[in-house]
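Student: Could you take me through one part of this model slowly? I'd like a close look at how a pair of neighbouring elements is arranged.

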Amino acid sequence: MKNKNKWILIVTLLAFGLSLAMSFLAEIVLKNVNLLVSIIVTFIFILLGIVFDIIGVAATSGDATVFHSMAARRVRGGKVGVKLVKNASKVSSICCDVVGDICGIISGSAGVAIVAIVITLTNINPLIITLLVTSLISALTIGGKALGKNVAVNKSNEVITVVAKILSIFNKR
C-alpha cells in the first residue's frame, strides 16, 4: 500500500475510533442530566475543538530550528517539537480535521440535549430555542477558532513547546 493511501486509511480509522469514543462519552454524560451539566459538556467540547485547532495550526506555523536547538541542548520537549513541526500536515490533519471536526459534531449533538431540556422547562417556541442554541454553538466555535488561529500563528513556537513538553512526558526515549 502506498504511503499516502496508508495515511488516509490510518486517519480514517482514527477518526472513526475517536468519534465513537467521544460520542459514547458524551452520550453517557448527557443522558438524564440537568441543563447546567449539558451546557458545561457542550462548552468543554467547543473548547477542546478550539484547543486542538490551535495545536494543528501552530504545527504548520512552527519553526523547526527552534526545536532542533532545544533538542541539541537536551531541553525537554525538543525532540517531540521537531517531530510535531516536521510532520505538520499530519499533526494538522489529526488536530484540526479529526479532533476538531469530531468536537464540532459532538457539541452540536450536545446542543440537541440542551434544546430538549429547555423545551421541557419553558413554553418558548421550540424553533426559536433550536435556532438560538445552534447559532450560539456555531458562533462560539467559529469565533473561538478564529481567535485561536491568530494565537497559533503568532505564538506557534510557544504553543508547540507546551504541547511537546506535555507529550514528552509520555515519550520515555
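Tutor: Happy to! One definition to begin with: a helix axis here is a line fitted to C-alpha atoms over the stretch in contact, and the angle between two axes runs from 0 to 180 degrees between N-to-C directions. Please keep in mind that this is a predicted model.

Let's look at helix α1, residues 3-30, and helix α2, residues 35-61, whose axes come within 10 Å and cross at roughly 160°. Angles over 145 degrees count as roughly antiparallel, and α1 and α2 are therefore roughly antiparallel to each other. As for handedness, α1 passes α2 in a right-handed crossing. On the α1 side, the contact is made by Met 22, Ala 26, Val 29 and Leu 30, and α2 brings Val 37, Ser 38, Val 41, Phe 45 and Leu 48. Sorted by class, the residues in this contact are eight nonpolar, one polar and no charged.

Now for α1 on its own. This helix has 28 residues and spans 40 Å from its first C-alpha to its last, close to the 40 Å expected at 1.5 Å a residue. Its buried residues are Trp 7, Val 11, Met 22, Ala 26 and Leu 30. They pack against α2 and also against α5, which covers 88-121. Finally, just after α1, Asn 32 adopts a positive phi of about 60°.

How values were computed
Residues numbered from 1 in each chain as written. Predicted model: local features only at pLDDT ≥ 70, side-chain atom pairs only at ≥ 80, totals over all residues. Heavy atoms only, no water. Helix = DSSP H or I, 4+ residues; strand = E, 2+ residues; numbered from the N terminus. Parallel < 35°, antiparallel > 145°, perpendicular 65-115°, else oblique. Left-handed = near helix turned anticlockwise from the far one by under 90°. Contact = heavy atoms within 4.5 Å. Nonpolar A, V, L, I, M, F, W, Y, C, P; charged D, E, K, R; others polar. Expected span 1.5 Å × (residues − 1). Buried < 20%, exposed > 50% of the residue type's maximum accessible area, 1.4 Å probe, protein only.
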